[in-house]
Amino acid sequence: MPPKVTIRKEEWEKRLHDVQVTKSDLNRLIMDYLVIEGYKSAAEEFSQEANLEPPVDFESIESRMDIREALQRGDVEDAITRVNDLNPEILDTNPALYFKLQQQKLIEYIRQGRIEEALQFAQDELAPRGEESPEFLSELERTMALLAFESAPGAPPAIAELLSPAQRLKTAGEVNAAILESLSQGKEVKLVGLLKLLCWGETLLGEKAEYPKLNVLSGTFVDK
């Protein structure tokens, strides 16, 4: 293996400064973040200040946040209604997402101790879907396993996690991504993608060269 090339700090700084990033590009990155994360008011204000056309209707941002909040408080039925009001094709064309919402509804029944309703709902709504897909069946069995334990702490981690707040957040995130996709909007904040690309690039470069490492949080170079 050939020896690594050493890039001095001064040379590296010059290379970084030579990279041209326009203000309009930065503004679009900021707007992308505000839209995807659901900051409607901030997005509206920034759109006016930067004279930037928003990539989506601002009302759709509020709708997405209402749906996310409904799922985070466990009101799956309200979330489904709101998704259908926004765009009924989202669930009509995405059976996996609809199943996950129905699974979340079953979890909420079990969380509330409404066992008879949970059993009936699983039989009427989820069991037929489980027959269509091994993946759906596996998830249904995992959810029904909650009934075998009096409390979540007594259940195996893979079962107990269904009752955790993280499960609601996961479902809300998947619904949010599907809505963004229906609006032809990226599912992930572009800044996050850029950071991932930066880390990947640094890893590749580190295999061939010694160079000053940049702390992306502080904007300063890391001292060795």
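Select Asp66, Arg73, Asp75, Asp78 and Arg82 to begin: these residues are linked in a network of salt bridges, a salt bridge being a side-chain nitrogen of Lys or Arg within 4 Å of a carboxyl oxygen of Asp or Glu. The model is predicted, so that local features need pLDDT of at least 70 and side-chain atom pairs count only at pLDDT 80 or more, whereas totals for chains, interfaces and linings use all residues. Residues are numbered from 1 along each chain as its sequence is written, and side-chain values use heavy atoms, with hydrogens and water left out.

**Stop 1: the annotated span**

Next, select residues 60-117, where UniProt, in an unreviewed entry, places the feature "domain: CTLH". UniProt positions are given here in the numbering of this model, with feature names shortened, and annotations may be inferred rather than shown by experiment. The span is 83% helix and 0% strand, and its end C-alpha atoms lie 33 Å apart. Helices (H or I, at least four residues) and strands (E, at least two) are DSSP runs, numbered from the N terminus.

**Stop 2: individual salt bridges**

How many salt bridges does a search of the whole structure find? The search finds 19.

Select Asp25 and Arg28, whose side chains meet in a salt bridge at 2.5 Å, N to O. The two residues are 3 residues apart in helix H2, and therefore separated by about one helical turn. Asp25 is partly exposed, at 33% relative accessibility, and Arg28 is partly exposed too, at 44%. In these terms, buried means under 20% relative accessible area, exposed means over 50%, and partly exposed lies in between (1.4 Å probe, protein chains only).

Move to Arg114 and Glu117, which form a salt bridge with the closest N and O atoms 2.8 Å apart. Glu117 has a relative accessible area of 37% and is partly exposed; Arg114, at 33%, also counts as partly exposed.

Then select Glu139 and Arg142, where the side chains meet in a salt bridge of 3.0 Å, N to O. Both belong to helix H9 (residues 134-144), and because they are 3 residues apart, about one helical turn separates them. Is Arg142 buried or exposed? Arg142 counts as buried, at 17% relative accessibility, while Glu139 is partly exposed, at 23%.

**Stop 3: aromatic pairs**

A search of the whole structure finds 4 aromatic pairs. Rings of Phe, Tyr and Trp (its six-membered ring) pair if their centres lie within 6.5 Å; planes under 30 degrees apart count as stacked, over 60 as edge-to-face and the rest as tilted.

Select Phe99 and Phe136, a stacked pair with 4.3 Å centre to centre and 5° between the planes. This pair links distant parts of the chain, with Phe99 in helix H7 (residues 95-111) and Phe136 in helix H9, 37 residues apart. Phe99 is buried, with a relative accessible area of 2%, and Phe136 counts as buried at 12%.

Now select Tyr109 and Phe121, an edge-to-face pair with 5.6 Å centre to centre and 65° between the planes. Tyr109 is in helix H7 and Phe121 in helix H8 (residues 115-132), 12 residues apart, and the pair links distant parts of the chain. Both Tyr109 and Phe121 are buried.

**Stop 4: the nonpolar core**

Select Leu106, Leu126 and Leu140, the residues with the most contacts inside the largest nonpolar core, which has 16 residues. A nonpolar core is a set of buried Ala, Val, Leu, Ile, Met, Phe, Trp, Tyr and Cys residues joined through side-chain atoms within 4.5 Å. The elements that give two or more residues to this core are H7, H8, H9 and helix H10 (157-160). Its largest share, 5 residues, comes from H7.

**Stop 5: the surface**

Select Tyr33, Tyr39, Leu191, Leu194, Leu197, Trp200 and Leu204, which make a nonpolar surface patch of about 690 Å². Patches are made of residues with over 30% relative accessible area and no salt bridge: like charges are joined within 9 Å, and nonpolar side chains (Val, Leu, Ile, Met, Phe, Trp, Tyr) within 5 Å. Accessible areas come from the Shrake-Rupley method with a 1.4 Å probe; for residues, only the protein chains shown count as cover. Helix H12 (residues 190-206) gives the largest share of the patch, 5 residues. Tyr39 lies in the loop between helix H2 (23-37) and helix H3 (40-49) and is partly exposed, at 43% relative accessibility.

**Stop 6: a loop residue**

Finally, select Asn51, in the loop between H3 and helix H4 (58-72). Asn51 has a positive phi of about 55° although it is not a glycine, and at 71% relative accessibility it counts as exposed.
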